[in-house]
Each structure stands twice: as C-alpha cells, then as structure tokens.
Amino acid sequence: KIAFSRALDGAIAQAGALAKAGLQMAVARAVALADNGHTNAQGVGEGRDLQVLPIRLVPFSDGLHVVMATAANADLLGARVVSENGQTVAELRQALRPYEGDSDDRFEEKLPHFLESPQALHAAGLGASATQAAFEFVLADGRTVMRTLTADVTPTADYGWADRALS
C-alpha cells in the first residue's frame, strides 16, 4: 500500500509534464504493484487509447508472431519477432513486466499490446520514438528482415481482431 501511494504520488506530481502515454504507463506501473490480475490499469495493457503499429502480434511457443498486418506489411504475416528497438523480446518482456500485475501467463497475453504501441515503449524508456518502432523479424521462409513501422492506427474500445484497417 505504501509503495502504491508513493508511485501514484509520483505519477500525479509528474502528470503535467507527461504525455498521455507517460501518464498511462506511470499509473499502470503503480496499479501493477497490487500484483493482482483483477487490479490493473485499463488502457495500455488492453491495447486501448494509444496509437498502435500496423501489425498484430500473438505469442506462440516459439515466440511472438505477426498474425495480422496492413496490406503494405503483408509480407510480415507469420514472421517471428526477434527484436524491437534493438532489444530482444525477452529483454522487453522483463522491462515491461512491472507495468502489469497479473500472472505470467496473462502478462504474456497482454505483452503484444505494449509492443504494438511505440507510445507505450517510448514512455517506458524502451523506444526512441513515440510514433515508430524498428524491428528485426524472421519471415516464414527463414529470411531475416529489418523493418521500421510507423503507428497509424488508433485503437478503439473493440481494438484487436475486429480492426477493419488490418487484413
């Protein structure tokens, strides 16, 4: 309770200087201290409110894969994410874990929402840009490609599989 109060007081003190994503991530980190799956800040971990990249990621046993993409990025369908902004998925997972108070399995389901938002990564100090992210992918045919993606889709309350901007 004391840690939560300190974290929330810190977020409130910085609120005027933080961008929307910064405030959301600060609140998410504070609320995650409860380490309770029923006590989380809605928004970032649910893929709402912040700009997102033109791909959707899903965790599989061998890593995170692109399962949806805009037509311009259709070649990435099935690709496995090796790194984002120069950090491996394992490094990003560890750095983002404090923002989600839930079981590891549930966090793994929510991790893609963080990784699909350059704003969230930038606010967490894990990206140089709030609008772009640089990826290394292994394509379905085994080739490795580097790609910088720009956020151009703003999620809505029904964000996810029903997004009409994705193929």
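Modeller: A residue counts as buried when its relative accessible area is under 20%. Keep that in mind for this predicted model.

Colleague: Why is F135 called buried?
Modeller: F135 has a relative accessible area of 1%. The cut-off is under 20%, so F135 is buried.

Colleague: What makes the pair of F135 and F137 stacked?
Modeller: The angle between their planes is 10°.

Colleague: How many aromatic pairs does the structure hold?
Modeller: Two. F107 and F114 form one of them.

Colleague: Why is the pair of F107 and F114 called tilted?
Modeller: Their planes stand 45° apart. Stacked needs under 30 degrees and edge-to-face needs over 60, so 45° leaves tilted. The centres are 6.4 Å apart, and pairing asks for within 6.5 Å.

Colleague: Are F107 and F114 buried or exposed?
Modeller: F107 is at 2% relative accessibility, so it counts as buried. F114 has 0%, so F114 is buried as well.

Colleague: What describes two packed helices?
Modeller: The angle between their axes and the distance between the axes. For α3 (residues 89–96) and α4 (residues 104–115), the angle is about 100° and the axes are 11 Å apart.

Colleague: Why is α3 called roughly perpendicular to α4?
Modeller: Angles of 65 to 115 degrees count as roughly perpendicular. The angle here is about 100°, so α3 is roughly perpendicular to α4.

Colleague: Which classes of residue make up the contact of α3 with α4?
Modeller: Seven are nonpolar and two are charged, with no polar ones.

Colleague: What makes K110 and E100 a salt bridge?
Modeller: Their closest N and O atoms are 2.8 Å apart. The definition asks for within 4 Å, so the pair qualifies. K110 lies in helix α4 and E100 in the loop between α3 and α4, so the bridge ties parts 10 residues apart in sequence.

Colleague: Are K110 and E100 buried or exposed?
Modeller: K110 is at 5%, so it counts as buried. E100 is at 3%, so E100 is buried too.

Colleague: How do you know that R147 and D75 form a salt bridge?
Modeller: An N to O distance of 2.5 Å joins their side chains, and the limit is within 4 Å. R147 is in strand β6 (residues 144–150) and D75 in the loop between β2 (63–69) and β3 (80–84), so the pair ties together parts 72 residues apart in sequence.

Colleague: Why is D75 called partly exposed?
Modeller: D75 has 42% relative accessible area. Buried means under 20% and exposed means over 50%, so 42% falls in between.

Colleague: What makes D141 exposed?
Modeller: D141 stands at 52%, and the cut-off is over 50%, so D141 counts as exposed. Its side chain meets R143 in a salt bridge of 2.8 Å, N to O.

Colleague: How many salt bridges are there in the whole structure?
Modeller: A search finds six.

Methods: Residues numbered from 1 in each chain as written. Predicted model: local features only at pLDDT ≥ 70, side-chain atom pairs only at ≥ 80, totals over all residues. Heavy atoms only, no water. Axes fitted to C-alpha atoms, helices over the stretch in contact; angles between N-to-C directions. Helix = DSSP H or I, 4+ residues; strand = E, 2+ residues; numbered from the N terminus. Parallel < 35°, antiparallel > 145°, perpendicular 65-115°, else oblique. Nonpolar A, V, L, I, M, F, W, Y, C, P; charged D, E, K, R; others polar. Buried < 20%, exposed > 50% of the residue type's maximum accessible area, 1.4 Å probe, protein only. Phe/Tyr/Trp six-rings, centres within 6.5 Å; stacked < 30°, edge-to-face > 60°.
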